[in-house]
Amino acid sequence: MIKRAKELLQKYFGYDDFRKGQEDIIGSILAKRDTFAIMPTGAGKSLCYQVPALLLEGVTLVISPLISLMKDQVDTLENMGIPATFVNSSLSYAETAKRVDEVKQGKYKLLYVAPERLEAAGFTSLISSLQLALVAVDEAHCVSQWGHDFRPSYRHIPAFIQQLPQRPVISAFTATATEEVKNDVVYLLTLKRPNIYVTGFNRENLFFSVVRGENKRDFVLNYVRDNSDRVGIIYAATRKEVEGICKELKRAGVNAAKYHAGLSAQERKQNQDDFIFDNNNIIVATNAFGMGIDKSNVRFVIHYNLPKNIEAYYQEAGRAGRDGEASECILLFASQDILLQKFMIEQSLLNPARKNKEYQRLQEVVDYCHTPNCLRKFILEYFGEENVPEHCANCSTCTDDSRLVDITVEAQKIFSCIIRLKERFGSTVVAQVLKGAKNKKILALGCDRLSTYGIMNEYTEKEIKDIINILAADGYLSLTAGQYPVLRIEEKAAAVLKNGARVYQKVPKKKERLTGDNSLF
Ligand code: ADP
C-alpha cells in the first residue's frame with residue numbers, strides 16, 4: 001500500500017518523497033489503526049490524511065475549524081485533481097444536502113466540515129448515511145481546554161462518531177505537544193489504541209532570534225525597509241497594536257495588510273486574500289490570523305509582543321519557511337509585554353489552577369528570551385526532544401559574536417539580596433532594593449536597612465532586572481507560579497555563593513558600555 005501511496009504523492013502532489021514521519025503515519029492509517037500525529041507547523045500534516053483518503057474505500061471526513069479557508073483548501077485539492085468538497089454554515093440546507101448526496105454517489109473522496117456542524121441533528125443524520133472510511137480531526141488540540149485554542153464544538157466529535165453505523169478509522173493531527181493536550185486528545189476523541197507519532201520538531205531552515213532592548217518600532221521599520229521584497233507576518237498582541245504598526249508602516253510608505261478580530265468578516269477575508277495572493281507582502285495581525293494558512297513563501301515572522309507560551313510561539317513562527325527555504329523568526333522582547341500578558345491571564349475566565357499554569361507557561365517564554373544558550377535547543381527540549389546538540393549554528397545565540405562577561409559578583413549580590421528578603425519578593429522589589437530605591441514600598445518594608453540595599457546602584461533598575469531574568473533563564477533562580485511570582489534560590493546559585501562558582505553572560509558587542517571594563521551594559 002505504501003508503494004501505492006508514494007505513487008499518488010508523485011502523481012497528485014508532485015513531490016518525490018515523503019517527509020520525515022509522513023510515511024509512518026500514512027502506513028498506520030492505511031493499516032486501519034487510529035492514529036495521532038503531532039508534527040510542527042509546516043511539517044506537512046494535511047497530506048497524511050489526503051493520501052490515505054485516495055486509497056481507502058469510502059469517504060474521508062475532515063473536521064477542521066477553519067471555515068474561512070475551507071473553500072480555498074478544497075479548491076487546491078480540486079486543482080490537483082483530487083475530488084473534494086465542503087459543507088459549513090455558509091451553505092443553505094438544500095446545498096448541503098445536495099453536496100452530501102453527491103458524496104454518497106461517490107463524486108468526492110474528501111468532505112470537509114466544521115465541527116459546529118456536528119451539533120446539528122439534521123446534519124449528522126445526513127452524514128451517517130455515508131460510508132465513512134476515515135475521520136481526520138485537524139487541529140485536534142482544539143478539543144482540549146489545555147490547548148491554546150479550545151473549541152467547545154470539538155467535544156461533540158465522539159458522540160457524532162458513536163452514532164455512525166460503522167466506526168471509521170480516526171486520525172488526529174496537531175502541532176501541540178504538551179502532555180495534557182496529548183492525553184486529552186486520546187481520551188476526549190476516544191481514540192482506540194492509537195499509534196502516536198511525534199515527528200521531529202526541528203525546522204532546520206528557520207533562523208531564530210530574540211531582540212532585546214531595541215526600540216521595537218524602529219526595528220520593524222528598518223527591517224521591513226531592508227526586506228521590502230520579502231513576504232512576512234508581524235504578530236502583535238492587541239488590535240490597537242496592530243493598527244498602530246500598520247499606520248507607522250504606511251507612513252513609511254509600506255502598504256501592509258492587517259488582520260484582527262475587530263474587523264468585519266469581509267474585511268478579514270479580503271486582507272487575508274491580499275496577503276495570500278501576494279497583493280501585499282506584509283500582514284500585521286493578532287494571533288487570530290494564520291491557523292491553516294498554507295502560504296509557502298513567508299520569509300520572516302516577527303513577534304512584536306511576547307507570545308503567551310512557547311507552543312503558540314512555535315506555531316506562529318513556524319508559518320515562516322514552509323517551502324524549506326531559509327527564513328527568519330524574530331521575537332522582540334520588552335519587559336512591559338510581560339505585564340500585558342499577565343493582564344490577559346488575569347482577565348481571562350480561567351480557574352485559579354489554570355491561571356497558575358498559564359503564568360508558568362508565560363515564564364517559559366520569558367526564559368526563552370533570556371537564555372544564554374542555543375534558542376533552537378531551548379525550543380526542541382521544550383517539546384521533549386532528547387539529545388539535542390548544544391549549538392545549531394542557526395539562531396541568534398549560536399551566531400552572535402558577543403563576548404562572555406563574568407557576572408559572578410552581580411549574581412552573588414542578587415542571590416544575597418533574595419536571601420535577605422527571605423525569598424518573599426519578585427524581581428521588582430529585589431531590583432529596587434539592590435538599586436537603593438527610595439519609594440514608599442521599599443521604605444515601608446524597611447528594606448533600606450538591609451545590608452544589600454543599594455549595593456548595585458551603578459546599574460539601572462531595568463539592568464538589574466535583566467540580569468535577574470538571565471539568571472532565572474539559566475536555572476540559578478526560579479519563580480513561583482502566579483500573578484506575582486516570587487524569586488527563589490536554586491541549588492546552582494547556592495554553589496555560586498558557597499564555592500564561588502563563576503557565572504558568565506554573553507553580551508553583544510554593541511551593548512558594552514565604553515566606560516568601566518567589567519560593567520555589563
Ligand atoms: P501543516 O498542516 O503541518 O502545518 P501543511 O500540510 O500545510 O503543514 O504542509 C506544509 C507545506 O509542506 C505545504 O506547502 C505542503 O504542500 C508541503 N509538503 C507537505 N508534504 C511534503 C512533501 N512530502 N514534500 C514536499 N513538500 C511537502
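## Strand E3: covered on both faces

In this predicted model, strand E3 spans residues 84-87 and is covered on both faces. Ala84 and Phe86 sit on one side, while Thr85 and Val87 sit on the other. These four residues are all buried. In a regular strand, side chains alternate between the two faces of the sheet.

E3 also has a pairing partner. Strand E4 (residues 110-113) pairs with E3 in the parallel sense, over 4 bridges.

## A sheet of 6 strands

Another part of the model is an open sheet of 6 strands. The order is E8-E13-E12-E9-E11-E10, and the pairing is parallel. Strands E8 (206-212) and E10 (257-259) stand at the edges. Each has a single partner strand, so one side of each is left without a neighbour in the sheet. On average, neighbouring strands of this sheet are turned by 15° against each other, direction ignored.

Look inside the sheet at strands E9 (residues 231-235) and E11 (residues 282-285). They run parallel and are joined by 4 bridges. Ile233 stands opposite Ile283 in E11.

Helix H11 covers residues 265-276 and lies across E10 and E11. H11 runs at about 130° to E10.

## Helices H1 and H3

Now turn to two helices. H1 covers residues 2-13, and H3 covers residues 46-55. Their axes come within 10 Å and cross at roughly 105°. Angles of 65 to 115 degrees count as roughly perpendicular, so H1 is roughly perpendicular to H3.

Which residues of H1 and H3 make the contact? H1 supplies Arg4, Ala5, Leu8, Leu9 and Phe13. H3 supplies Leu47, Val51, Leu54 and Leu55. By class, this contact has 8 nonpolar residues, no polar ones and 1 charged one.

How many of the 10 residues of H3 are buried? The count is 7, and H3 is mostly covered. The buried residues are Leu47, Cys48, Tyr49, Gln50, Val51, Pro52 and Ala53. Leu47 and Val51 belong to the contact with H1, and both are on the buried list of H3.

## Around the ligand

The ligand is surrounded by 15 residues. The closest are Tyr15, Gly44, Lys45, Ser46 and Asp294. Ser46 lies in the residue range of H3.

What classes make up the shell around the ligand? There are 5 nonpolar, 6 polar and 4 charged residues. The contact of H1 with H3, by comparison, has no polar residues.

Key:
Residues numbered from 1 in each chain as written. Predicted model: local features only at pLDDT ≥ 70, side-chain atom pairs only at ≥ 80, totals over all residues. Axes fitted to C-alpha atoms, helices over the stretch in contact; angles between N-to-C directions. Parallel < 35°, antiparallel > 145°, perpendicular 65-115°, else oblique. Contact = placed C-beta atoms within 7 Å. Nonpolar A, V, L, I, M, F, W, Y, C, P; charged D, E, K, R; others polar. Near = placed C-beta within 6 Å. Buried ≥ 20, exposed ≤ 12 C-beta atoms within 10 Å, placed from the backbone. Pairing = 2+ DSSP bridges.
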